[in-house]
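Visitor: I am new to this protein. Could you show me how to read a few of its features?
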Amino acid sequence: SRGRGRLRAISEDYKSVIIPVAGNIACSYNVCNIGYVVQLIRLEHPTPRWAAPAFASSCLFGAVVGQLLLGWAGDRFGRRNAMMVSMILVVVGALGSALLTTGYGNWVWQTLTMWRFILGIGVGGTYPLSAVFAGEMVDDRGLGRTARVSMTIAVQIVGNILAPLLLFLVLLCLGTKKVTEEPWATEVGWRFLLGVGALPALLALRELFSATESHEYLMAKACGNRGRLQDVMNALKEEKYQKRLLGAAGGWFCFDLAFFGMVIFLPHVVHDLVDRDDEAYGYLLVTSAITTLINLVALPAAILSLRLVADDSLGRKNLQAVSFLLISAAYLILCIFFNTLRSMGAAAAVIALFGLLFFALNFGAGMTTYMLPQESFPAEIRSSLNGIAAASGKVGAMLGAAFFAPSARIFGLGWTFGACAFVAAGGLVLTLLVVPDMRKEDDGNGSNVSQAPDVQRRL
């Protein structure tokens with residue numbers, strides 16, 4: 001009996017990590033693969049100006065919807081059930097875009113935009129639900145809420161790296177000449193890149209079928225919580241929760257606005273840098289290799305962030321402030337030097353600056369904006385308010401994806417980088433003024449997060 005109990009504990013310990021890990025890899029890959037997919041599709045189909053921004057933004061718009069609806073569903077119907085719906089939508093959206101897209105030209109872009117919206121709803125739901133799921137599950141090793149949540153968000157970098165790496169492997173396996181000149185190879189390439197996004201979601205879904213519900217959700221439900229919207233509204237009447245939501249949502253908005261425009265359009269920026277005559281052949285392999293190397297810079301940034309979060313001497317608030325300062329400085333350096341270096345043909349120097357930028361983007365704020373909402377609110381409203389904060393972030397991401405390319409075309413990349421520096425500076429100010437230092441209000445395991453007033457009255 002004791003042995004069976006131990007095996008069950010180990011199993012749940014595994015699920016408390018692998019489910020949100022697989023879900024977050026699915027999210028990051030499916031959001032970041034779009035720039036690389038567009039590079040291939042435009043070789044086969046005419047690409048009107050609206051296509052790339054609409055294709056990129058549709059997933060992010062769906063994410064806003066998913067974060068609000070499925071975030072609330074996590075409080076109303078349970079974390080596990082809502083997470084299953086999210087993963088199913090990710091699988092349907094990824095496989096639908098890969099296997100059920102037909103036609104030519106505008107029809108292809110319109111169909112892909114529809115599938116990406118469906119995919120986005122699932123991606124959006126995963127953000128708040130994976131954070132809450134990881135934070136609330138009991139693990140036999142006693143990792144604690146902070147360690148579990150920080151680990152699950154850190155692995156998003158795997159998805160970011162996989163997007164250019166898989167394009168690189170596709171070009172190696174099929175041959176760059178075939179992919180750029182033969183329609184069947186081009187189509188195999190972009191359909192593969194879209195379809196593989198379903199695999200981590202399928203892994204998470206498989207584990208969810210045998211996972212148990214969050215113990216904190218069950219406790220809140222036992223106390224009479226029904227996940228009503230009225231409970232959320234009642235909690236937000238408290239100034240403490242209003243301020244925490246403003247800090248969590250505002251910081252996430254500024255970070256995603258500065259992050260996603262650059263991340264999604266990085267392959268196009270690098271392609272323009274190394275293939276100024278837009279010859280495609282021969283350069284597509286080079287650009288995919290360069291973007292993979294730039295994304296690999298995120299690994300030491302994530303490891304350092306994990307170390308600082310685990311040590312907690314700096315605190316999530318201060319770590320986020322330092323991160324926004326570094327992001328703003330990196331964008332400002334690009335704003336000042338990008339056009340000069342590009343005109344000099346100093347591609348290596350520009351790529352080095354992109355590496356510096358990606359270190360800053362993946363250090364600190366990418367982790368803390370994900371962590372703060374799940375540790376700032378009580379269990380009975382945690383998923384809903386986490387979803388609101390995450391939706392604010394994806395509104396920023398949607399704006400970044402929609403306006404990065406037009407801004408670069410109209411004002412130039414230098415001024416666009418300057419605008420991103422200004423946004424990051426805004427995130428720094430907001431963090432310093434509004435975000436609470438959770439070390440003074442929580443013990444790192446979430447046990448000091450008080451219950452919302454309505455639940456306190458029922459108790």
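Predicted model: local features only at pLDDT ≥ 70, side-chain atom pairs only at ≥ 80, totals over all residues.

Visitor: Which residues of helix H11 are buried?

Guide: Start with the general idea: an α-helix has 3.6 residues a turn, so residues three or four places apart point the same way. In H11, which spans residues 215–222, the buried ones are Glu-216, Tyr-217 and Ala-220. They cover an arc of only 100° around the axis, which puts them on the same side of H11. Met-219 and Ala-222, on the other side of H11, are exposed.

Visitor: Which residues form a nonpolar patch on the surface?

Guide: Leu-95, Leu-99 and Leu-100 do, and together they have about 300 Å² of accessible area. Leu-99 belongs to helix H4, residues 79–99. A residue counts as exposed when its relative accessible area is over 50%, and Leu-99 has 63%.

Visitor: Why is the pair of Phe-354 and Phe-417 edge-to-face?

Guide: Check the angle between the ring planes: over 60 degrees counts as edge-to-face. There are 15 aromatic pairs by this rule. For Phe-354 and Phe-417 the planes are at 70° and the ring centres 6.2 Å apart, so the pair is edge-to-face. Phe-354 lies in helix H17 and Phe-417 in helix H20, so the pair ties together parts that are 63 residues apart in sequence. Phe-354 is buried at 0% relative accessible area, and Phe-417 is buried at 0% too.

Visitor: What lies over the face of Tyr-127?

Guide: Lys-394 does, at 4.1 Å from the ring centre. Likewise, Arg-116 lies over the face of Phe-55, at 5.6 Å from the ring centre.

Note on methods. Residues numbered from 1 in each chain as written. Heavy atoms only, no water. Buried < 20%, exposed > 50% of the residue type's maximum accessible area, 1.4 Å probe, protein only. Helix = DSSP H or I, 4+ residues; strand = E, 2+ residues; numbered from the N terminus. Arc of directions from axis to C-beta. Patch = residues over 30% accessible without salt bridge, like charges linked within 9 Å, V, L, I, M, F, W, Y side chains within 5 Å. Areas by Shrake-Rupley, 256 points an atom, 1.4 Å probe, with all protein chains shown as cover. Salt bridge = Lys/Arg side-chain N within 4 Å of Asp/Glu carboxyl O. Phe/Tyr/Trp six-rings, centres within 6.5 Å; stacked < 30°, edge-to-face > 60°. Lys NZ or Arg CZ within 6 Å of the ring centre and 35° of its normal.
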